Amino acid sequence: MAINIIVNGKGKYNLDYNCQLYYGYFDLQDLINSLSILDPSGYLKIRRMLAWNLYFHLSRNYSDQLRNLYYVIYEISAIIRELNFRNINPAFALPSILDKINTSMRLEWKNGEFSLKDPLNISCEIDINNEINKLLKIEIENKGKISVKESEIKSLNQMDLYKLSSVKGLNLESEFYYKDGKVNVKINLKFKPENKGLNKEIKAEELNKVLRITAKEVNERAINSHEVFEDFMAGIMEALIQPFLDKYKNELTEILGFKELLYIPPGRHFILNAEESALNNEEIAQLFSDSCQLAINRIKEGKSSFYDNFSLPISIKGVLVFYEDSQITSLSSRSIKSLATLILEVNSLKDQALVIIESPEEFLLDEDKKKVVDIIIRMLEKGNKVIIHTWDKKILEYFKDCQVYKNEKLV
């Protein structure tokens with residue numbers, strides 16, 4: 001088991017080593033950011049950013065068509081609301097007049113449901129591999145940038161529009177097709193109305209009058225909901241690109257030899273306080289770096305999957321963390337919170353991982369530092385890889401004394 005120790009100077013990451021120990025002035029943030037896709041919350045963040053980038057490329061040339069899609073959702077809502085008010089069965093009244101109703105996008109009736117007569121087709125030239133690599137900025141030594149081998153990806157998605165439209169059963173169906181650097185997205189609305197109400201006819205002009213009366217309402221709701229709809233469309237993009245992103249992640253893990261990234265940052269007492277505070281996700285995003293947010297989410301996961309595997313007096317009762325018999329609170333010592341945070345994060349691991357630990361010695365007594373080194377050794381024995389950044393020479397001494405210490409390399 002090789003341990004590569006780099007003391008001061010410029011070190012280059014080599015993920016072939018089981019353990020790398022950096023002492024002195026180093027910044028590991030580039031490495032953490034480039035591998036963040038291997039962390040569950042980091043994966044979601046990358047997926048969201050990629051979805052927004054893709055939506056921006058698509059919407060730039062199709063803003064009018066997308067706006068009409070937003071409008072027709074609210075227009076359908078106005079039509080169904082009027083029919084419900086009159087207690088008219090839409091399944092009886094709509095089939096014969098649907099093509100005469102002046103919605104922003106024409107509707108048609110087929111097989112007991114209505115949909116867009118001309119589904120929305122949008123496309124753009126974009127290399128998704130390049131887009132991911134722009135976000136992650138990772139290059140594997142001797143292999144360059146990761147690239148998904150398959151050039152053709154297809155995925156389907158269905159989204160319930162009830163919360164947006166108040167129309168039960170109205171769905172948005174989307175089909176994503178990517179090949180040779182070109183994205184095509186097909187979007188349709190599907191609605192199978194309940195066979196409910198009186199079987200009475202209604203004239204198309206009556207419903208067109210309703211649309212004219214509610215035009216201001218529809219317009220205001222569409223404009224006021226612009227941000228909501230952008231978020232909504234980005235959500236669709238997330239579902240559509242996930243198969244591609246999964247293939248990228250699998251390609252990366254196959255090359256690297258590990259499936260997870262676990263980042264244990266310095267300032268662990270603050271991180272634990274933040275996880276247990278009443279701060280919402282937006283406030284945490286404003287106060288903490290992306291990498292620290294990974295750690296906060298790992299603490300939550302570590303609590304839910306906690307197991308006592310390190311012979312330390314850390315325990316979970318409900319959602320509360322205890323040291324010996326005392327609950328760890330914001331007023332507890334920084335050393336106890338630092339140790340508890342490290343244990344909780346390690347508990348979140350599900351698979352073989354690259355574990356990056358900064359300042360493992362933080363606020364700890366020498367005997368506790370030795371316990372942390374023992375935990376690291378146990379993680380290595382389980383097949384994980386570890387990168388350590390320390391400011392404490394005592395940590396170096398512990399590794400030099402441990403039995404697995406071999407192949408010392410000073411730079």
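These legends describe close-up views of a predicted model.

**View 1. Helix α2 against helix α5.**
Helix α2 covers residues 40-61, and helix α5 covers residues 128-136. Their axes come within 10 Å and cross at roughly 130°. The crossing of the two helices is right-handed. From α2, the contact uses Ile-46, Met-49, Leu-50, Asn-53 and His-57. From α5, it uses Ile-128, Glu-131, Ile-132, Leu-135 and Leu-136. By class, the residues of this contact are 7 nonpolar, 2 polar and 1 charged.

**View 2. Ile-46 and its surroundings.**
Ile-46 is found in helix α2. The residue has a relative accessibility of 6%, so it counts as buried. Sequence neighbours within four places are set aside here. Beyond them, Ile-46 touches Ser-36, Leu-135, Leu-136 and Leu-245. Glu-238 is 192 residues from Ile-46 in sequence. In space, the C-alpha atoms of Ile-46 and Glu-238 are 9.8 Å apart.

**View 3. Helix α2 against helix α12.**
Helix α12 spans residues 290-304. The axes of α2 and α12 come within 8 Å and cross at roughly 130°. That angle makes α2 oblique to α12. Pro-40, Ser-41, Gly-42 and Lys-45 make the contact from α2. Asp-290, Gln-293, Leu-294, Asn-297 and Arg-298 make it from α12. The residues of this contact divide into 2 nonpolar, 4 polar and 3 charged. For the contact of α2 with α5, the division is 7 nonpolar, 2 polar and 1 charged.

The structure holds 6 aromatic pairs. In one of them, the rings of Trp-109 and Phe-114 have centres 6.5 Å apart. Their planes meet at 45°, so the pair is tilted. Trp-109 is partly exposed, at 24% relative accessible area. Phe-114 is buried, at 4%. Ring pairs link Trp-109, Phe-114 and Phe-191 into a cluster.

**View 4. Tyr-178 and Phe-244.**
The ring centres of Tyr-178 and Phe-244 lie 5.4 Å apart. Their planes stand at 85°, so this pair is edge-to-face. Tyr-178 sits in strand β7, residues 170-179. Phe-244 sits in helix α9, residues 226-256. The pair links distant parts of the chain, 66 residues apart. Tyr-178 has 4% relative accessibility and counts as buried. Phe-244 is buried too, with a relative accessible area of 1%.

**View 5. Lys-337 in helix α13.**
Helix α13 runs over residues 334-347 and contains Lys-337. Is this lysine, Lys-337, buried or exposed? Lys-337 is buried, because its relative accessible area of 3% is under the 20% cut-off. Neighbours within four places in sequence are left aside in the contact list. The contacts of Lys-337 are then His-269, Leu-272, Asn-273, Ile-328, Thr-329, Ser-330 and Ser-332. Pro-265 is 72 residues from Lys-337 along the chain. The C-alpha atoms of Lys-337 and Pro-265 are separated by 13 Å.

Most residues other than glycine have a negative phi. Asn-87 has a positive phi, near 55°. It is placed in the loop between α3 (63-85) and α4 (90-93). Asn-87 is partly exposed, with a relative accessible area of 41%. Glu-324 also has a positive phi, near 55°. Its place is in the loop between β11 (320-323) and β12 (326-327). Glu-324 is exposed, at 51% relative accessible area.

Definitions and conventions:
Residues are numbered from 1 along each chain as its sequence is written. This is a predicted model: local features need pLDDT of at least 70, side-chain atom pairs count only at pLDDT 80 or more; totals for chains, interfaces and linings use all residues. Side-chain values use heavy atoms; hydrogens and water are left out. Axes are lines fitted to C-alpha atoms, for helices over the stretch in contact, and angles run from 0 to 180 degrees between N-to-C directions. Helices (H or I, at least four residues) and strands (E, at least two) are DSSP runs, numbered from the N terminus. A crossing is left-handed if the near helix is turned anticlockwise from the far one by less than a right angle, and right-handed if clockwise. Contact means heavy atoms within 4.5 Å. Ala, Val, Leu, Ile, Met, Phe, Trp, Tyr, Cys and Pro count as nonpolar, Asp, Glu, Lys and Arg as charged, and the others, Gly among them, as polar. Rings of Phe, Tyr and Trp (its six-membered ring) pair if their centres lie within 6.5 Å; planes under 30 degrees apart count as stacked, over 60 as edge-to-face and the rest as tilted. Buried means under 20% relative accessible area, exposed over 50%, partly exposed in between (1.4 Å probe, protein chains only). Angles under 35 degrees count as roughly parallel, over 145 as roughly antiparallel, 65 to 115 as roughly perpendicular and the rest as oblique.
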